[in-house]
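Let's take a walk through a protein model. Have a look at the sequence and the 3D view first, and then we'll go through some of the details.

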Amino acid sequence: MWFIQQLLLVFVFFLFLGKYLKIIWKARSLPPGPSPFPIIGNLMTLCFNMYPETLSKVSKLYGNIYTVWIGETPVIVLHGYKAVKNAIVSHSEELSGRPVSNLMKDMSNGKGIVVSNGHIWKQQRRFSLMTLRNLGLGKHGLESRIQEESQGLVEVLATQNGKPIDVSNFIVHSVANVISAVVFGHRFSIDDPTFLKLVAANQEIIDSLGSKWATLYDAFPWLMKHLPGPHQKVFKNREYLGDFVNNEVRIHQQNESPEEPDDIIYHYLAQIKTKGDPDSTFDMVNLTQTVADLFTAGTETTAMSLQWAILFMLAYPDIQEKIHTELDEVLHDSSAITYEDRKRLPYTNAVIHEIQRFGNIASVGVLRRSIKDIILDGYLIKKNTNILPNLDSVLHDPQYWKTPYKFNPEHFLDKDGNFKSNEAFIPFSAGEFITVSYLTILFNSMTAVVATCEFSCNQGRSYRGCRGSSRYWAEEAKGAQRIVCHIRRHRYYRQCMQVKLHLWLEGRG
């Protein structure tokens, strides 16, 4: 028995030694970084997640381009605007690969838009962009839907009669209905239990993807897929979301297709019937995943930004008052706010951009993969290497932002008070059209709510100093802070209502 134990220890020793030497050999030409452990890499150094704060600390030790190891896989991290721009602009073609996390790949089997690659991704993305344009996303076609849902949100808030409510739920439901109108062709009652379950499942999927369990799954998929834990629930939620979409597809198939399709599903079904492309990837499986991707991404990004908007209105009442003043002077009693109005509302537009910069819902951004050997900052990056352009470091780069860690709308205003853009403003990795579409929903929804509501903290509490990051949605429940605030209808109603807004906070002033 003693001999077997000694033999086993020797085997484990040489196993770890072999793994370590393999990592050292692979790291020869890579940028420097923290020393990895065998098998787990730098997971302990990273606290089992890619938090912006952790990556920022590592960059102070190793510079603006460094290597971290997720298990036995190296990831080249780019820190700061110059490093990120050099990679994604100067080497956009070489870094056009799309690595997919093991968890997301197992969730969707490489279908749809988010996790697909190559020909599938190109066809699904091209179809989605074209269809969104046809449906009026970013134009007046969508704005009427946004105005309807925004007005409904305002009316719901106005009828609470002082009862404590969770504002975040109303925001999520309102945004989800805007997205539902685009992908499903209709909205849902906010009391519909099926709709509520859909929204809850969607939120749990997003929460799971930002958890430590997801990081462990990505590093050790062969092990984690067989172990029980919170990460297993994401597959059940994904199955429910898929079943929901499939049911909507069946309803569309049973109904007669309109002459001009008015939602994503009708457009996709028409595309499936199109003949002539032997390499077509349009089928029912990709339909389900593409619709699910659009619903999940569209709902989460916008709803989270609106929740941050309310938080910042609470934290900075002077900024809220300036927005009210500008809206009153420019729009007067106009009830229909459009995206074009942003040109007449420079301060409001600047605040919305600052919300995205400071709140930063995209956290560190999306991984890319080199499709050929390239040189970055003097380092040879070989083909099939994962690269992370750290967007959080761009949005907080002190060379491009006067007060990077302070909420300051002046970042987007010139000396005359006119709106100005900033080249380091990259809220998330997306194409220009998707960014404009997202801004349309955010601008219209926020201005509609802020134009008619005033937000103030309960009992004089202050929430200045809150800094946005991925931990806003990824932290566990123990980090939650309940914000109690008052809302009253600005200019129209004097009735106050107490609102409980559940938000994740990292710092409190």
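## A glycine in a loop

Which residues does G71 touch, not counting residues up to four places away in sequence? They are I23, I39, I40, G41, L43 and A219, where touching, or contact, means heavy atoms within 4.5 Å. One of these, G41, is 30 residues away from G71 along the chain, yet their C-alpha atoms are separated by 4.5 Å.

You'll find G71 in the loop between β1 (65-70) and β2 (73-78). Its relative accessibility is 0%, so G71 counts as buried. (Buried means under 20% relative accessible area, exposed over 50% and partly exposed in between, using a 1.4 Å probe and protein chains only.)

## What you're looking at

This is a predicted model, in which local features need pLDDT of at least 70 and side-chain atom pairs count only at pLDDT 80 or more, while totals for chains, interfaces and linings use all residues. Residues are numbered from 1 along each chain as its sequence is written, and side-chain values use heavy atoms, leaving out hydrogens and water.

The protein has 18 helices and nine strands. These are DSSP runs numbered from the N terminus: helices are H or I with at least four residues, strands are E with at least two. Of the 509 residues, 51% are buried. Take the contacts between residues at least 6 apart in sequence: 72% of them join residues at least 24 apart.

## Helix α12

Helix α12 covers residues 264-273, and its buried residues are I264, I265, Y266, H267, Y268 and L269. They pack against α5 (118-134), α7 (167-183), α11 (233-254) and α13 (284-315).

Two packed helices are described by the angle between their axes and the distance between the axes. For α13 and α14 (residues 317-331), the angle is about 110° and the axes are 5 Å apart. (Axes are lines fitted to C-alpha atoms, for helices over the stretch in contact, and angles run from 0 to 180 degrees between N-to-C directions.) That makes α13 roughly perpendicular to α14, a label for angles of 65 to 115 degrees. Here M313, L314 and A315 of α13 meet P317, I319, Q320 and I323 of α14.

Now for α15 (residues 346-359): its axis comes within 10 Å of the α13 axis, and the two cross at roughly 105°. So α13 is roughly perpendicular to α15 as well. On the α13 side, the contact uses S305, W308, A309, F312 and M313, and on the α15 side V351, I355, F358 and G359.

Methods:
Parallel < 35°, antiparallel > 145°, perpendicular 65-115°, else oblique.
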